[in-house]
Amino acid sequence: MSEATERTPVDVAVGVLIERDAAGNEGRFLLTSRPEGKVYAGYWEFPGGKLEAGESVHQALARELHEELGITIGESHAWRKLVMDYPHARVRLHFCKVFDWQGEFQMREQQTMAWEQLPVQSQPVLPGTIPVLEWFAQERHHAGPTHHG
Ligand SMILES: Nc1nc2c([nH]c(=O)n2[C@H]2C[C@H](O)[C@@H](COP(=O)(O)OP(=O)(O)OP(=O)(O)O)O2)c(=O)[nH]1
């Protein structure tokens, strides 16, 4: 396989679940830890996963959040995209904000979940998560560190 083919990015749908108050102000956001057996096991990230053939970002997101967390999402809002180069893969992350979901959270892959605000307490965070925390810091006028470690 040529290097160019090897490094073609894999599309990943990522859900940024955010609580909102009655006035519509954004509050805590959900992080989950990566399950045992996956690369970067134990690192904290936003839930999501790779698109399957023929899926849209929203479809993949709805499927992954149902498979991993047991919830059913409503609308998702395309927010930002980011390409990350890891030793194991090059990924194009499609971050989508989600404000509307139904169902009880179930950790179907033995992950852990945490509702977080800045600075994030869970650690270590995945490298691909750090830019998202920076975007939150800009939107929320947060000064100082965004996470520990
Ligand atoms: N889910 C998720 N993945 C992220 C984030 N940031 C980041 O760099 N990634 C990377 C890690 C992985 O290389 C890739 C996601 O792949 P994955 O292995 O979690 O996806 P998947 O659930 O489809 O896994 P699998 O079926 O291949 O086991 O994206 C993030 O915030 N959330």
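A residue is buried if 20 or more other C-beta atoms lie within 10 Å of its own, exposed if 12 or fewer, and partly exposed in between, with C-beta atoms placed from the backbone. This is a predicted model, where local features need pLDDT of at least 70, side-chain atom pairs count only at pLDDT 80 or more, and totals for chains, interfaces and linings use all residues. Residues are numbered from 1 along each chain as its sequence is written.

**View 1. Gln-110, an exposed residue with a positive phi.** Gln-110 is exposed because 9 other C-beta atoms lie within 10 Å. Its phi is positive, about 60°, although Gln-110 is not a glycine. Most residues other than glycine have a negative phi. Gln-110 sits in the loop between strand S8 (101-102) and S9. Helices (H or I, at least four residues) and strands (E, at least two) are DSSP runs, numbered from the N terminus.

**View 2. Tyr-40, a partly exposed residue with a positive phi.** Tyr-40 is not a glycine either, yet it has a positive phi of about 60°. The loop between S2 and strand S3 (44-45) holds Tyr-40. Is Tyr-40 buried, partly exposed or exposed? Tyr-40 counts as partly exposed because it has 15 C-beta neighbours inside 10 Å.

**View 3. Two cis peptide bonds.** The bond from Leu-118 to Pro-119 is cis, with omega near -5°. Another cis bond joins Gln-123 and Pro-124, with omega about -5°. Most peptide bonds are trans. Pro-119 lies in the loop between strand S9 (113-116) and helix H3 (130-140). Pro-124 is also found in the loop between S9 and H3.

**View 4. The largest nonpolar core.** A nonpolar core is a set of buried Ala, Val, Leu, Ile, Met, Phe, Trp, Tyr and Cys residues joined through C-beta atoms within 7 Å. The largest one has 24 residues, and Ala-13, Val-14, Val-16, Leu-61, Phe-95 and Cys-96 touch the most other members. At least two core residues come from each of strand S1 (10-20), strand S2 (26-33), helix H2 (57-69) and strand S7 (90-98). In soluble globular proteins, nonpolar side chains tend to be buried together.

**View 5. The contacts of Phe-95.** Which residues does Phe-95 touch, not counting residues up to four places away in sequence? They are Val-14, Val-16, Trp-79, Arg-80 and Val-132. Here, contact means that the C-beta atoms of two residues, placed from the backbone, lie within 7 Å.

**View 6. The shell around the ligand.** The ligand is surrounded by 17 residues, and the closest are Glu-45, Gly-48, Gly-49, Lys-50 and Gly-128. S4 provides the largest share, three residues. The shell has ten nonpolar, four polar and three charged residues. Ala, Val, Leu, Ile, Met, Phe, Trp, Tyr, Cys and Pro count as nonpolar, Asp, Glu, Lys and Arg as charged, and the others, Gly among them, as polar.

**View 7. His-58 in helix H2.** Helix H2 contains His-58. This residue is partly exposed because 18 other C-beta atoms lie within 10 Å. The C-alpha atoms of His-58 and Val-120 are 26 Å apart, and the two residues are 62 places apart along the chain.

Note on methods. Near = placed C-beta within 6 Å.
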